Structures are given as C-alpha cells and as structure tokens.
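The sequence and the structure are shown first.

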Amino acid sequence: MSSVINVLFSTMKGSKHTAQLKEGYTVEDIKKIVQEKFGSTNYRLIVNGQEIQDNDPVKFTELKKSIKNNTIIYVCQRMDGGSGLVDIDSHKATVLVDLQDELRKIPTQQTNSECMICTEEKKCMKYCCSSIICKECFPNHFIFGNYKIICLTCNQTVSPEKVFVTPQFIQSLVQLDETKLMARNIDFQICTCGAFSINSTMYAKQKCNNCQRWLCFFCNTDWNENERNMRNEKYTCRVNCFWETKITYQLVTLNFNKAMKVPNRRCCPKCFECGCVEENSQSVVSRSTSDSIKATEDDLNSQTNSSPFQFKRSHLNTTPHLPLKPKLPPIQSISSSSSSDHQRVSTDHSSLLPTRHTPGVCGLKNIGNTCYMNSAIQCLNSIPDLTKWIMQQQLSLSHMNIIDVYISLVQSMWSGHHGCVTPRELKQYVSRSSTIFSDSDQKDSHEFLNSLLNAIETVDSNSFLINLFRIHTQSMATCNKCQHCDIINETITFLPLSIPEFKFDDQKKILLEDLIKDFCQEDELDGQYYCHKCKICQSARHKTIIIQPLPRVLIIQLKRFPYDGTKRKIDTFVQYKLEHRNLLSNNDRYELYAVSMHSGNLAGGHYTTMAQNYIINKWYRFDDSYFEEIESKKVLVPFIARQAYILIYLKKND
C-alpha cells in the first residue's frame, strides 16, 4: 500500500475525518468518501484554497498534483443569499447572449434565400407567413421589436414557441414580458431592495416594509423633504417625478366603467391610450381598484427603467398574457411624518452622477440574486494595499482577462464619479471558471470570493493580489503507536474557523482568539490513519499550525454549519475586535476592515457588508446599491456579530 495517501476532511472542532486514497483515484472516489462520512455530497470541498469541481476533469487533474499525503480537505456547506430579484437590463443582456446559442439550434433553409432586411442571399430562417431573415440580422430585428418576434410580412407578434426550441429560453422571454406587464400598473412598484408592493392610497410618500426605506412610490427615489422639497401628493412627489408630466390630479370618469376614475391627462378615459381622444378609440379591460390606472405601451420603457428590478416568475401571481398583479398587502403610508430619522445615501443605477462621491464609497447593482457577489466585492474593496495597487495599474482598453476586468471595476468604484456600478462583466468572467455562478440562483458569498481569487491565480499565480492573502500552514499527523510524524506544508487563502453551537437566547459568547487556538489544537483523528512506517492503518492525532510569513490580509470564514442535514445556521456570538494583537503570533497586530454578514439560514438569506474606507477612516454599511455611514462600534454589537460570516483583517506594522 505504498501508493496510498491519507486525506483529512476537516469540518468542526474535533472532527477531522481521515480516509485513504489509492493511486489513480478520481473525483468520484472523493465524493464517495464524503457521502459515507457526511451523508451527502452537497458540500464545498476546498484543497489549498482551490474548490474541487467535479464537472471539470482537466482542473481536477491539475488540482490532484497538490493533494499529497496528509493533505487537508476543508468541508464547507453553502450559505446561499439573494433577494429574489432579477435586474431587467441584465435579463435582456442574458437573453441576447442565450439568443446566439438558440439561433444555432434553429434550422435554416437548405438553399440560399434573400434576407428581407439586408437583401443578401444567405442561408436564412423562415417563420410566420413567409418571413425570411438571416441569423445575422435577426438579433437586431429582435431588439428593435422590444425583445419580441415581429413578422416582417404581416407585422404581427409571433409567439416564441413557434420560433425558438429551448424551453428554458422561451420561459425566460415569458418572464421578461411579464415584468413589463407588471411595470405598467401605476400602483405597482419594486423597491431598490427588491421588495415589491401595492399602493392602495396613491400618495407619493411610502415606506418599504422590507428595508424600511422611505421613498417616492412613483419615481422610486429616497424621500427627502428638507433638501429636495418633496411633497406628499397623490401620484407625484412634485420633484421631477416620473408621473408628474403624465397627470394633473383632476380625475375623470371612464366611459365604460363609471366606478373608475383616472387622471385626465394620464390617458384617454375611453381606451387608456396616452393623449388619444379619437371617437374610434377601443376600450380595454381594466382593473376594478379605484384610482388605479394602467400605463400605455408608450410609457413602458421609461417606467421599466425607473423600476430596474423584476422577480422570477415563480414569485409573481401572473399569467403570460394578463397584466395581473400579485395579491399583496399595501405598504405603509404616511402623509406628514418626517424622514430625517432614515437618511440613506441615494445612488444612481445606470449613469455617471454629476455630483462628486467619496472615492471607494460606491454601491453595487444587484443583477439577479447577486447580493453574495456584491458583499464579497465590497470586502475586497476595503483593503488598502489592494486598492492602492489597482489604482496604479493602467486600465486596459480591451478586457483581456479577469484581472483586467476586476481592475476596471475597482477603479470605477474609487473614481468618485459613481454612486453605484454594475459588476456584470466580473460575474461573467468568474462564471467561466466556476460554472455554479452562471445562473441567477442564490449563492454563497465566501464561495464567490474564493472562486474570484482562484480565477485570478489561474491567470497569474504570482499576482500581487494572490500574495496578499496567502496563509502558510504546516499539517502534522502523528501515529499513536510508533510516533512517526508526517509533515506537509500547505498554502490557503482563508482561515476556516468552526464555531461551537449555543442556544440563540444564550448569553454565552466565544472569542475569535479562542477559535484560532482551536484551529491549531492537536486532535485525535476520526478514523484510521495509514502509517507509512507501520505499513498498516493506526489511530493517529493531527495538528495544524500557522507558520511565517504571516498573511498581509487575513480572510476568516466563520463556519456556521451544523453538519446535521438541516438548513439551520449556528448563530453563536463570536466576539471579534476592531484591532487584535497577538492574533496569529506573539507580535502581530491586525485591524478589522470588513465584515460580510448573512441573515437567514443555509437555505437562503441576504448578504450585506460593513466596511471601512481607509482614506477617510469611516465605516459604511453596504446593501447592494445602497450604503450608509455607520459608527465603528456598530460593527461589534452582538446582533451584527451573530450574522458575521467573513472577516477581513489587515496586518499593521508597529
């Protein structure tokens, strides 16, 4: 058995499970061991900071080179986070990317035909009543038709099922269309936090029940009476409000429904068409709610832009053809109270702001359950050494790799010109190396952070970025019979610390220093260890120590996983400090710069970040697009500490 190696699966304190792998083992052999020891394969397996991905044989073959005798494989569960919202612009961008693959699946005519748009003879596709179009012209025609298929002959809208073949792509188009229908309703609004609500009062000043943000319901901007002189009136706040140019507050009765009134300049009382008062106007079915009105197709694009979020179809009580609204309770309304107690920084979602922002204090747009990604990016964005290096780099005119894309994003966040940026391109690049992030489902913040660093290391293993985070460890396994000790040096990019579980209402707490001591404590191995001196499996003990040089940036993952098959989360109060001395050695000093927080359980939740801006030495709380200044002491309160998932510390020089 000389070709046998020992592998240690590390979970919680006292739970280092040992197993043997024979020469020529595969990823399936590792998954089988995990299944036997933990009852499931739905875990993250990390070796030397690298994720084991069973869907990429080439990467696993390369990763096997770092798996040696006594190698530790860290077993982590996922703490998924996302707010259920999908950005409309990102949805459209995804549709266009998927459209290229979809067009390849659509058969073309056997012989060349003349495209009805470019008039060139090519192999074209045919649909509806003899519409002939080449696959090069179809995407632009599709965009021009507002992401609908318009027949070139009869000018009618063609159902996606009659042209496209992939059910998932067809469903994506249905979802996009549903969102447009929902956005047409004046009493429907989606807050920037992703929560959607119905306004039963039609007054402008409203409060989101989810994020407690005061806003103008109609233009979706932060409510500020003092500085912006916003007024709580029906249908408008009177400050460049979206609806202000559409209505005049005088209601008129609909011809076909005497119980319903609409603002007289909003739309025609006969047919709802904006500005149309012709005798041949056709009536359409309306909703019965008093004071509710429906936007016309001409208003659709501007309303959609003002409400940039949409929900997955499973969250909407709608059909593909009717603009029905979900049955929701009305949001809280107020007519006179002040919003001075709820000041939040207003950010822009799409364009360059004319005002100057504090460099580095920048929100990140949620592009579909991506709060996990935004939290990870904000954590990295708080690191002074990393930011200073990035700002010195020459911005690439064409993004050639993930390092260039990441540099471009960070430089935008620190330019001082933006209140919010969209990290769409970075997500696309990370998804290429870690396909788990290619969809819009909820994901784990630490998993994205680790995958981003892995992707950067793949491009440049000696990159300044990667060297900042390297933690050097020494793993020692000692045979209890002959005392033979196997030693292996490893490099990881984060410190995974297991947490003991207390009752939520228990006042007990545990110090961060104690968790690190537990990480380095010698423990008995669970299972038999193959001793290369005894030539048989024996009981053994194991110890991991952190060796010099110490990492400049210390990433700590608090493993809030019970490993009992449930989706609950360990909410133990871990007490950490803004500054630690002698954390990893006898003479070090580490200062806290960021905390990634997860609310919810392992099945789902939401990620936010508290991070320090090193230029002005102030702390901010980031929640996707929004941010607010906070006192540093708030980072340490028990409620926050119970949600802490990732801690970012910077080593300081005395």
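## The second largest cavity

The second largest cavity has a volume of about 80 Å³, and the structure holds nine cavities of 30 Å³ or more. A cavity is a set of points, on a 1 Å grid over the protein atoms alone, where a 1.4 Å probe fits but cannot get out, and lining residues have an atom within 4 Å of a point. Grid points are joined across faces, edges and corners, and the volume is the space filled by probe spheres set on the points. This is a predicted model, in which local features need pLDDT of at least 70 and side-chain atom pairs count only at pLDDT 80 or more, while totals for chains, interfaces and linings use all residues. Residues are numbered from 1 along each chain as its sequence is written, and side-chain values use heavy atoms, with hydrogens and water left out.

The second largest cavity is lined by Gly360, Gln378, Asn381, Ser382, Trp414, Ala611, Gln612, Asn613, Tyr620 and Phe622. Two or more of its lining residues come from each of α8 (371–381), β37 (604–613) and β38 (618–623); β37 gives the most, with three residues. Helices (H or I, at least four residues) and strands (E, at least two) are DSSP runs, numbered from the N terminus. By class, the lining of the second largest cavity comprises four nonpolar, six polar and no charged residues. Here Ala, Val, Leu, Ile, Met, Phe, Trp, Tyr, Cys and Pro count as nonpolar, Asp, Glu, Lys and Arg as charged, and the others, Gly among them, as polar.

## Aromatic pairs

Two of the lining residues, Tyr620 and Phe622, also form an aromatic pair. Both Tyr620 and Phe622 are buried (under 20% relative accessible area; exposed is over 50% and partly exposed in between, with a 1.4 Å probe and protein chains only). A search of the whole structure finds 16 aromatic pairs. Rings of Phe, Tyr and Trp (its six-membered ring) pair if their centres lie within 6.5 Å; planes under 30 degrees apart count as stacked, over 60 as edge-to-face and the rest as tilted.

The rings of Tyr372 and Phe437 are stacked, because their centres are 5.9 Å apart and their planes stand at 25°. This pair links distant parts of the chain, with Tyr372 in helix α8 and Phe437 in the loop between α11 (424–433) and β24 (443–444), 65 residues apart. Tyr372 and Phe437 are both buried. The pair of Tyr620 and Phe622 is tilted, at 6.3 Å centre to centre and 40° between the planes. Elsewhere, ring pairs link Tyr127, Phe138, Phe142, Tyr147, Phe164 and Phe169 into a cluster.

## Salt bridges

The whole structure contains 22 salt bridges, each being a side-chain nitrogen of Lys or Arg within 4 Å of a carboxyl oxygen of Asp or Glu. Arg44, Glu51, Asp444 and Glu447 are linked in a network of such bridges. Glu447 lies in helix α12 (residues 445–459) and Arg44 in strand β3 (residues 44–47), so their bridge ties together parts that are 403 residues apart in sequence. Arg44 is buried, with a relative accessible area of 1%, as is Glu447, at 3%; Glu51 is buried too.

Another salt bridge joins Glu628 to Arg621, with the closest N and O atoms 3.6 Å apart. Glu628 counts as partly exposed at 21% relative accessibility, and Arg621 counts as partly exposed at 21%.

## A five-stranded sheet

An open sheet of five strands has the order β2-β1-β5-β3-β4, with mixed pairing. Its edge strands are β2 (16–21) and β4 (50–51), each of which pairs on one side only. Two strands pair if DSSP finds at least two bridges between them. Strands β1 (residues 5–10) and β5 (residues 71–76) run parallel and are joined by four bridges; Phe9 stands opposite Ile73 in β5.

## Backbone exceptions

Most residues other than glycine have a negative phi, and most peptide bonds are trans. The peptide bond from Gln548 to Pro549 is cis, with omega near -5°, and Pro549 lies in the loop between β32 (540–546) and β33 (553–559).

Cys128 has a positive phi near 50°. Its place is in the loop between β10 (124–127) and β11 (131–134), and Cys128 is partly exposed, with a relative accessible area of 45%. Asp624 also has a positive phi, of about 55°. Asp624 lies in the loop between β38 and β39 (626–630) and counts as buried at 6% relative accessibility.

Technical notes. 1 Å grid on protein atoms, 1.4 Å probe; cavity = no way out; pocket = protein on both sides within 12 Å on 5 of 7 lines; lining within 4 Å.
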